[in-house]
Amino acid sequence: MLRTSFLLLAFVTLISLEGYGKETVNGYVHDAATGEALIGANVIIGELGTGTTTNEYGYYALTLDPGSYTLIFSYVGYTTVYNSITLNEPMVLNMELSESLTELEEVTISSSRRNSNITKLETGSSSLSIQSIRKMPAFLGEVDVIKAIQLLPGVQVTSEGSSGFSVRGGGRDQNMILLDEAAIYNASHLMGFFSIFNNDAIKDVKLYKGDIPASSGGRLASLLDIRMKEGNSKQFHGNGGIGTIASRLTLEGPIVPDKVSFIFSGRRTYADLFLLFAKDESLRNTRLYFYDLNGKVDYRINDKNRIYLSGYSGKDTYGNKDYAGMGFGNRTLTLGWNHIFNNSLFSNFTLVNSHYSYDLGTPEDAEENFDWNSNLDDYGLKADFSWYPSPEHTFRFGASTNYHIINPGELSAVSTGGINQSLQLSLDYALESGLYFSGESKLGKKFALRYGLRYSMFNNIGPATVHVFNEEYQLIDTTYYEKGDFFNFYSGLEPRFAANYMLNDRQSLKASYSRTRQYLQLASNSAAGTPLEIWFPASPNIEPQISDQVSVGYFRNFLENKLQSSVELYYKKMNNSIDFRDHAQLFLNPGLDGEIRIGEATSMGAEFYVKYASGGFSGWISYTLSKTMRTFAEINDGNPYPAPYDRPNDLALVLSYDITQRISLAANWIYSTGLPFTLPSGRYEVMNSILPLYTGRNEYRLPDYHRLDLSFTLRGKEKPGKRWRGEWNLSLYNAYARKNVWTLNFVEDEAQPDVTHAEMTYLFSIVPAITYNFKF
């Protein structure tokens with residue numbers, strides 16, 4: 001490690017010497033109509049044929065020899081701007097780009113930018129524009145970021161209708177989901193049929209499946225980075241929709257033009273409002289809804305300083321006030337400060353808070369009642385720095401720390417006779433921190449490298465009660481730690497590496513390697529996922545999970561970059577993987593550590609992707625061939641078995657076509673191999689009770705899954721000077737009424753008690769929906 005650190009320091013010092021005698025031009029690139037920062041905009045030096053892209057906040061910097069240059073600013077769907085400069089001293093050059101006005105112009109401009117899939121260093125990453133997500137058919141008319149992500153190669157749905165997803169064989173809990181840098185621990189609404197992300201409030205969506213940046217850690221499988229809009233800094237604007245199940249409204253505008261902006265977005269379902277008119281009193285007392293609130297204020301103090309405050313709050317409520325109820329929700333808060341120390345050194349400091357909670361209970365005035373609560377809180381601080389010593393080299397470094405407080409469960413109950421009972425599981429306290437450094441270097445016009453190193457650290461903190469188990473997982477002792485005691489320190493290096501070799505401007509070869517560690521995990525026996533699940537940390541009994549992933553890919557464009565294609569191969573080895581013993585008791589179990597088994601897992605696969613966009617037609621085909629296996633000494637007699645989310649074949653076809661400027665059609669077709677499950681192979685009788693006999697874990701599979709979704713959109717006529725614009729959207733979910741298996745249960749035949757048969761439950765037949773969207 002010392003040798004590596006010395007070589008890295010020598011390399012960076014050598015690069016920094018190149019900056020002497022040079023000057024820097026820097027600034028932000030914004031949308032001319034809204035003032036929104038453009039992420040990933042190209043800034044090219046015409047005379048040198050090289051350049052950079054804007055970061056997550058629209059910032060760029062170029063350090064050059066003094067002289068005259070032509071800077072070319074471009075972004076997909078926007079008019080390219082050529083700006084001539086004479087650079088003799090540090091220069092601030094902010095740029096605003098306007099959307100293309102004609103289809104011909106858009107095609108011309110896009111073709112100069114669309115080979116970014118060839119030139120960029122990243123492997124296993126995907127970006128989706130909000131415009132393309134908005135065109136897709138949506139369940140009950142609610143456009144959904146997560147549902148769009150599930151259509152990409154290497155990403156698989158965990159169950160029918162679920163917002164959970166598996167990336168390259170990883171579990172649902174192995175995906176880090178960030179909303180403006182704040183972690184989201186449950187991204188679902190309505191038991192997973194919708195995600196918490198209101199598309200109207202979202203600006204950018206990017207998924208990293210393997211080559212995760214060194215600045216991020218804490219999960220094995222993926223990083224889903226979602227950024228909210230800053231709000232229109234030019235003029236007041238609103239948009240929304242009235243749908244079959246929910247309505248939404250977004251308002252944004254300047255508080256001080258071009259300086260302070262805001263955005264506020266709300267969404268709510270209203271099935272419960274109609275139940276108030278039901279004749280049945282029980283139905284009138286039923287609550288069934290979810291809501292979302294997004295808000296952000298952005299303040300550009302000057303060219304060197306910008307602060308922003310963003311937040312999210314959402315909750316689901318189900319139940320009947322006479323019987324029982326359940327609720328769960330997320331809340332996030334992010335305070336960020338962008339500061340430019342000098343023209344080539346950009347920084348971002350963030351304070352974040354994430355909160356997730358759920359509750360389950362019965363009315364307090366019932367003769368017998370109970371109340372179960374659980375919650376998780378994060379308090380984090382992060383500092384990120386970007387240094388631009390030259391167009392060929394960019395360096396990023398920083399640090400982060402996150403304080404976790406996990407309440408796994410608190411139960412209070414009143415039994416018959418008014419006897420009060422309560423159970424409080426021990427709270428878990430932990431500190432998770434990290435240091436990182438990464439660099440990107442262009443070695444000539446054909447070869448580029450990204451290299452990085454992350455050092456992650458994890459501490460359990462008292463008060464805590466730690467159980468000690470023997471080799472047979474029997475409790476033999478208990479250790480107590482006082483409040484504030486730091487114990488059980490874990491740490492490790494996480495190297496990240498990527499390379500890109502340009503064969504020509506239409507094709508390239510890429511490779512990457514990454515190591516990731518995960519210190520928090522989810523206790524669940526359900527593939528579909530439920531809100532009532534428990535996050536628990538690494539501990540003296542549970543070592544952090546570790547993943548090593550290697551991937552290679554070939555990328556090729558055709559038809560002047562209108563047709564993009566890629567093939568990626570990956571292999572992933574996961575150590576200290578977690579599973580649970582047969583018939584494990586996961587909830588309200590103070591000895592949860594004893595239910596856990598440790599083993600290893602492997603995942604390998606090939607991902608095929610073809611994307612086309614030209615004129616009014618766009619879409620993609622993705623196919624993933626994969627295999628994910630687990631091996632645990634105490635499970636399945638030590639024999640390998642398929643992971644819960646193993647789907648060998650996964651195919652998605654996504655199409656949209658603008659027939660005219662007012663009429664659009666869209667379709668999605670999905671096919672995947674059925675999920676593995678454990679089937680009882682026999683039965684036996686114990687004390688007059690019939691019990692199932694299970695053999696191998698996940699030896700069988702559910703029937704294959706497939707579904708077709710369709711949508712039709714009719715836009716209103718645009719009239720000069722009229723700000724109000726509306727459109728009608730008609731969608732069909734599961735258009736040919738496929739009965740996909742949601743659960744499979746085994747029940748005794750009522751007429752023949754000695755006979756057991758399988759009973760399939762499916763969720764949806766055809767689900768039509770109509771939505772009216774508007775903006776003003």
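**Entry 1. Ground rules**

I counted as helices the DSSP runs of H or I with at least four residues and as strands the runs of E with at least two, both numbered from the N terminus. By this rule I found S347 in strand β24, which covers residues 345-361. The model is predicted, and I noted that local features need pLDDT of at least 70 and side-chain atom pairs pLDDT 80 or more, while totals for chains, interfaces and linings use all residues. Residues are numbered from 1 along each chain as its sequence is written, and side-chain values use heavy atoms, with hydrogens and water left out.

**Entry 2. The chain as a whole**

I looked up the secondary structure, and the chain has seven helices and 51 strands. For 776 residues a compact globule would come near 28 Å, and the 27 Å of the chain agrees with that. Along its principal axes the C-alpha trace spans about 90 × 65 × 45 Å.

Next I turned to burial, where buried means under 20% relative accessible area, exposed over 50%, and partly exposed in between, with a 1.4 Å probe and protein chains only. Of the 776 residues, 53% count as buried.

Among contacts between residues at least 6 apart in sequence, 65% join residues at least 24 apart.

For charges, I counted Lys and Arg as positive and Asp and Glu as negative, leaving out His and the chain ends. Each charge was placed at NZ of Lys, CZ of Arg, CG of Asp or CD of Glu. The mean positions of the 68 positive and 83 negative charges are 9 Å apart.

**Entry 3. S347**

I returned to S347, which counts as buried because its relative accessibility is 0%. Setting aside neighbours within four places in sequence, I found S347 in contact with W337, N338, H339, F341, D384 and F385. I then checked polar contacts, meaning pairs of N or O atoms within 3.5 Å; within protein, one atom must be able to donate a hydrogen and the other to accept it, and residues adjacent in sequence count only if both atoms are side-chain atoms. A polar atom of the S347 side chain lies 2.7 Å from the backbone oxygen of H339.

**Entry 4. T628**

I located T628 in strand β39, residues 617-631. T628 has 2% relative accessibility and therefore counts as buried. Its side chain makes a polar contact of 3.0 Å with the side chain of S603. Beyond residues up to four places away in sequence, T628 touches G169, T602, S603, Y641, P642, A643 and D646.

**Entry 5. S672**

I found S672 in strand β42, residues 663-672. A relative accessible area of 3% is why S672 counts as buried. The side chains of S672 and R647 form a polar contact of 2.9 Å. Apart from neighbours within four places, the contacts of S672 are R647, N649, D650, D704 and Y705. I also noted D204, which is 468 residues from S672 along the chain, with 28 Å between the C-alpha atoms.

**Entry 6. I476**

I476 lies in strand β31, residues 475-481. I recorded I476 as exposed because its relative accessibility is 53%. Neighbours within four places aside, I476 is in contact with V468, F469 and N470. From I476 to P644 I read 168 residues in sequence and 32 Å in space, C-alpha to C-alpha.

**Entry 7. Backbone angles**

Most residues other than glycine have a negative phi, and most peptide bonds are trans. I therefore listed the following cases with that general rule in mind.

The peptide bond between G462 and P463 is cis, with omega about 10°. P463 is in the loop between β29 (447-461) and β30 (464-469).

L559 is not a glycine, yet its phi is positive at about 55°. I placed L559 in the loop between β36 (545-558) and β37 (563-580), and its 53% relative accessibility makes L559 exposed.

N698 also is not a glycine and has a positive phi, near 55°. N698 belongs to the loop between β45 (689-694) and β46 (700-701). Is N698 buried or exposed? I found N698 buried, with a relative accessible area of 11%.

Note on methods. Contact means heavy atoms within 4.5 Å. The radius of gyration is taken over C-alpha atoms; the globule rule is 2.2 Å times the number of residues to the power 0.38.
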